[in-house]
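Subject: Structure handover and notes

Dear colleague,

I am passing the structure below on to you, together with notes on what was found in it. Please look through it before reading on.

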Amino acid sequence: MADRAAAGEERPSRGARRRQPLLVVVLLAVSSVCALSLGTPYVPPHRLVAAVLEGDTTLAGIVVGELRVPRLLLALVAGACLGAAGLVLQEALRNPLAVPEMLGVSSGAALGVAAPLVLAFSLPAVVQPLPAIGGAALGGGLTLLVAGIGRSPSAVLLTGAAVAAALQAALLVLMVMADQLDLQLIYRYLLGSLSARTWDDVTDLWPWLLVAVPALVLCAPVLSVLRLGDEDAEALGVRAQRARLAALAIAVVLIAPVTAVCGPVAWVGFLAPHLSRWFAPAAGAVRWLPWSAAWGAVVVVVADVPARLALAPVETPAGAWTALLGVPAGVALMRSGGRRRTARHGQDASAGTREQSSEPRNTASGVTDEVPPAGTSHHAHRGEPGPGGPASPPLGTVGTEDVR
C-alpha cells in the first residue's frame, strides 16, 4: 500500500513535469501573437511575419516592427531576469517570501533612477543603468549589513522590509521635490511600465546580460548546497556568507538594468519560482532556474496584453497587473505546495511505521522474539502447568534427559 501511495503521489508530479513545457510554449505563443496583433491598428496574425521580416513600410508594419516587437522582447527579457533573480534570492535565503520588493533591491534601483531625473543630472544612454545598479546594490548591501551579513535568512527578510520602507521614504522626498512632468514620469515608472519602449532600450540590456547569465549558471549548483543550511554547506566546503553575498550580487545585476528601463515590475520574482516548484517539486535549483526564467517571461508578456488593451486608448502599467494577479496566485501555489509536502511526509511516516511493526523484534542477545501461534497458551512458554495438564518444558530447552 505504501508503494502504491508513493506511486500515486509521483504520477501527478511526472504528468505536471510533462505538461510544463507545453504550457509554457502555448502561453508564450498565444500571448505573443496577441501582443503583436491586437491594438490600433489591428494586424492579422498571417501578416505578422511579413511585417517583421520583410520591412513593411505601411503604418501597420511600422507599428509592429518599431514598437510592438521591441516591447515584446523587452517583456520577455525583463520577465526572465526577474524570475531568475527571484529564485536566486529565495534559494540563497531559504525563504519563499524573499523577493526583490522585500529586500530593498527594487526600491534602491528605483531610487537610483529617480534621483538623476529629479536633480537634473543628464546621463548618456549607455550608463543609465549604472545609477539603478548602484541603488540596487545599496539596498541589498544595507539589508545584509544590518542583518549581520546574511547570518540568519529570516533576519535578512525582516531587515529587507525595513530597508525597502526607508528607501521608499527617500523616494517620496524626491517626488515632493519634482515638478509636475517629472512627477508623472516617476509615478508611471514606479508602477512598472513597458510603454513607449524602443529598440534602444532593448539593446542597452545586452551588455549586462552577458555578465549576469554566465554568473547565474555558475551560481545554480551553489544554491542547491545553500538550501541544505549553513552548517551543512560549510561541511561541504561552501562558505555560506560569501555565497549568499555572491547570490545577492547576481540578483542585483539581473534586477537593476531591467528596473532602469521599465521600472520595478512587481511580484514577478515571487510568482515565477513558485510556478517552477509547483510543476517539479522534487527538483533542485539547477532545474528550477531555467523554468523560473521561462515563467517570469510568461507572466510579464501575459500581463502586458491587458495593460495595453484593457482601458484603451489609455495604457495601464504592467506592474499593476502582475501584482494584481501574481500575489493571489503565488499564495495559492504556496498553500498547494505545503499541502503536498504535508501529505508526502504523512505517507512516509505511515509507511515507516508499518515497516517497523512488520519487522521481527530483536532482543539484546540477538535472538528474535517470535509471536506464539494462535491457540498456544502462555503457560506453555513459561514452563508452568496449564489448566488441564502437567507443565510443558520451555521452548528451545528440550534435551535428551527430557525426552527420556
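Does arginine 277 count as buried or exposed? At 14% relative accessibility, arginine 277 counts as buried, where buried means under 20% relative accessible area, exposed over 50% and partly exposed in between, with a 1.4 Å probe and protein chains only.

Before the rest, please note that this is a predicted model, in which local features need pLDDT of at least 70 and side-chain atom pairs count only at pLDDT 80 or more, while totals for chains, interfaces and linings use all residues. Residues are numbered from 1 along each chain as its sequence is written, and side-chain values use heavy atoms, with hydrogens and water left out.

Arginine 277 belongs to helix H12, residues 268-279 (helices are DSSP runs of H or I with at least four residues, numbered from the N terminus). Leaving aside residues up to four places away in sequence, arginine 277 touches Leu87, Gln90, Glu91 and Trp288, a contact being heavy atoms within 4.5 Å. With glutamine 90 there is also a side-chain polar contact of 2.8 Å, that is, a pair of N or O atoms within 3.5 Å, of which, within protein, one must be able to donate a hydrogen and the other to accept it, and residues adjacent in sequence count only if both atoms are side-chain atoms.

Elsewhere, helix H9 (residues 206-226) packs against helix H13 (residues 285-309) at an angle of about 135°, with the axes 8 Å apart; the axes are lines fitted to C-alpha atoms over the stretch in contact, and angles run from 0 to 180 degrees between N-to-C directions. H9 and H13 are therefore oblique to each other, because angles under 35 degrees count as roughly parallel, over 145 as roughly antiparallel, 65 to 115 as roughly perpendicular and the rest as oblique. On the H9 side the contact is made by Leu216, Ala220, Pro221, Leu223 and Ser224, and on the H13 side by Ala285, Val286 and Leu289.

Methods
Helix = DSSP H or I, 4+ residues; strand = E, 2+ residues; numbered from the N terminus.
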